[in-house]
Amino acid sequence: MEKICIFTDSSADIPKEEVEKFGIEIIPILVTAGDRTFREYFDITPEEYWKLLRESEEIPSTAQTTVQDCLTVFRRAHDAGCTHAMGIMINGSGSGSFQAANIARDMFYSECGEDMTIEILDSETYTYIYGRIVVEAARARMAGMPFAQIVENAKHRIKSSEAYLGVFSLKHLQKSGRISGGLAFVGGALGMRPLSHVYAGSVDVQAKTRGDKSVPTKITQLVMKRAVEPEKQTAYLLYADCPAGIVEQTELLLRQSGFADVRRYPIGCAVTTNTGPDAIAVAYYGEERK
């Protein structure tokens, strides 16, 4: 009989109540701010981190999950009698966590043999865009779905996952060197808000709009052009420390657009280290990529 471990890294931004409810193993990504180092998920909340970002003169740094932490999870699952383990990791193009997990798997097989099958998937994305797929897998495990089917379903979900991301301030992007000071000044003066498509391992600016209040409308329009059967799926509203009323406005527009449900989740350390705390995203399922 199969006994399955479901694991992911902390950048999946799965809330603790879901981690505990569905028995998900979380491998931490490390965040260093000044002389302090935090384990994402374990040592600092998203809200605390947003505040730290606003107050910090320097951009904190993030480090991938360690091979040792991944190996610890595999050993613990094996000792608990697991026959299978499946993990979905942060975008392999933007982080070494996926590679670290694969190295740890090879070390585990050398140490313990292959009596526990380990499947590691590259999410090709960030935050709860893949966190929701991890939760779906853990829920399917609880319902008794076979391991092979859980893995196959997760692969299909990954290939149809998309999101649109809006950033309300260019200051953090300037401070981190992702845009020039001149561009940040001009964009800020004009009130320009870049909107990026998070898709297939990349984050590309697809549109721009002017002013905070126009962001929810524009994001919703972009999402509705690509969402497949929104009436049959949940839209995931991912937010950081947005301007007042933006989250509520976005949720209202998404509900009016016909999604079956809309759920909110905070964006954690790894993503807001890059975007800054002034960010919002909408995750949904589109056409499956080949």
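**Exercise 1. Find how many of the 15 residues of helix 5 are buried, and name them**.

Solution. Helix 5 is mostly covered, since twelve of its 15 residues are buried, where buried means under 20% relative accessible area, with a 1.4 Å probe and protein chains only. Helices here are DSSP runs of H or I with at least four residues, strands are runs of E with at least two, and both are numbered from the N terminus. The buried residues of helix 5 are Y128, I129, Y130, G131, R132, I133, V134, V135, A137, A138, A140 and R141. This is a predicted model, in which local features need pLDDT of at least 70 and side-chain atom pairs count only at pLDDT 80 or more, while totals for chains, interfaces and linings use all residues. Residues are numbered from 1 along each chain as its sequence is written, and side-chain values use heavy atoms, with hydrogens and water left out.

**Exercise 2. Check the span of helix 5 against its number of residues**.

Solution. The expected span is 1.5 Å times one less than the number of residues. For the 15 residues of helix 5 (residues 128-142) this should give 21 Å, and because the end C-alpha atoms are 20 Å apart, the two values agree. Just after helix 5, G144 takes a positive phi of about 90°.

**Exercise 3. Determine which side of helix 9 is buried and what covers it**.

Solution. Begin with the buried residues of helix 9, which are V215, P216, I219, T220, L222 and V223. They cover an arc of only 165° around the axis, so they lie on the same side of helix 9; the arc is that of the directions from the helix axis to the C-beta atoms. An α-helix has 3.6 residues a turn, so residues three or four places apart point the same way. What covers these buried residues includes strand 8 (161-167), strand 9 (192-199), strand 10 (202-210), helix 10 (246-256) and strand 13 (279-285).

**Exercise 4. Describe the surroundings of S11**.

Solution. S11 is placed in the loop between strand 1 (4-9) and helix 1 (16-22). Its relative accessibility is 1%, and therefore S11 counts as buried. Leaving out residues up to four places away in sequence, S11 touches I29, E40, I90, T127, Y130 and A270, a contact being heavy atoms within 4.5 Å. The side chains of S11 and E40 are joined by a polar contact of 2.9 Å, that is, a pair of N or O atoms within 3.5 Å, one able to donate a hydrogen and the other to accept it.

Conventions. Buried means under 20% relative accessible area, exposed over 50%, partly exposed in between (1.4 Å probe, protein chains only).
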